[in-house]
Amino acid sequence: MVRVNAATTDPLARIAELSGVGEAVDEARTVVDKLLGHRVLRRRSADVSLESALRGAHASAVLDGAEVSLEQVRAGEVEDARVKGALRVSGELGQLVETWPKAPRQVLARLHTLAAADAFAGDGADRLGRPRTGGETAQDPMGLGAPPSPVEVEARLEALGALLDRRSSAPALVVSAVVHGELMALRPFGWGDGLVARAAERLVLIERGLDPKSLAAPELGHEQRRDGYAEGLRGYLTGTPEGVRAWVLHCCAAVADGARDSLATCEALKRG
């Protein structure tokens, strides 16, 4: 829970200075750089990105409660609204990169529209892309407890937008972790918030140049470290330096895991 303080010119940079964060960032960046330098990408970059998108979408939907195998997703044998939404989000992420730094609220609304199109079909269509109101509940697949009120959500979304507009000097991994954590803390839309938060994390990594071709799948790392994911989010919710630090460390590890998975994809393509 990162509060924007007018007296603090770059609060994200202060997070980057917490004990162990610099080392975790460097370790994750080393794995991502190794992925970006793989020879297979000279010819098969699009294939690796597509596989990463598919695997990431599946992992994100599973974290939101979907019970479906990767093989079923690959075969198109899914009816779960969470899986369909995750796939739509993943498919359009690249088109939102340029808009993200200029209008993050607009992009978040679009991500939710993509994520929740099936869940909010029919009479609920007017809720797509719109933050929840006082009479609307928020799903809680990670067991985080009651979310903030709609009034607080609105204030903190505005603060998050202001924070992003400052173009922090903090590493992309720190910025993406805070964006992800804050959206999970707020659960602004009530349904599909996890899909939106994890997509926003990936979007930051693309837009800030850590993973410009979206080759790594941090969602996969979060799913593989599911217990640590929930624990890290609870730490973030405390708003303490130690809690935020633990969350950032988890996110760095998840990005590294996603990059390693894509390295395995590269090696498989190399073998033919």
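The buried residues of α5 are covered by elements that include α3 (41-63), α4 (70-74), α6 (104-115) and α9 (193-207), where contact means heavy atoms within 4.5 Å. The model is a predicted one, in which local features need pLDDT of at least 70 and side-chain atom pairs count only at pLDDT 80 or more, whereas totals for chains, interfaces and linings use all residues. Residues are numbered from 1 along each chain as its sequence is written, and side-chain values use heavy atoms, with hydrogens and water left out.

The buried positions of α5 are A81, V83, G85, A86, V89 and E92; buried denotes under 20% relative accessible area, exposed over 50%, and partly exposed the range in between (1.4 Å probe, protein chains only). Helix α5 (residues 81-92) has twelve residues and should span 16 Å at 1.5 Å a residue, which agrees with the 17 Å between its end C-alpha atoms. The expected span is 1.5 Å times one less than the number of residues.

The protein chain as a whole contains twelve helices and zero strands, these elements being DSSP runs numbered from the N terminus (helices H or I, at least four residues; strands E, at least two). Its radius of gyration is 18 Å, close to the 19 Å given by the globule rule for 272 residues, so the chain is as compact as a globular protein of that length. The radius is taken over C-alpha atoms, and the rule is 2.2 Å times the number of residues to the power 0.38. Of the 272 residues, 54% are buried. Among contacts between residues at least 6 apart in sequence, 74% join residues at least 24 apart.

In the loop between α7 (150-165) and α8 (172-186) lies A170, which is buried with a relative accessible area of 8%. When residues up to four places away in sequence are not counted, A170 touches D10, L12, A13, A16 and V175.

The axes of helix α11 (residues 226-238) and helix α12 (residues 241-271) come within 7 Å and cross at roughly 145°. Axes are lines fitted to C-alpha atoms, for helices over the stretch in contact, and angles run from 0 to 180 degrees between N-to-C directions. This contact is made by G228, Y229, G232, L233, G235, Y236 and T238 of α11 together with G243, V244, W247 and H250 of α12. Helix α12 has 31 residues and reaches 45 Å from its first C-alpha to its last, close to the 45 Å expected at 1.5 Å a residue. Just after α12, G272 takes a positive phi of about 85°.
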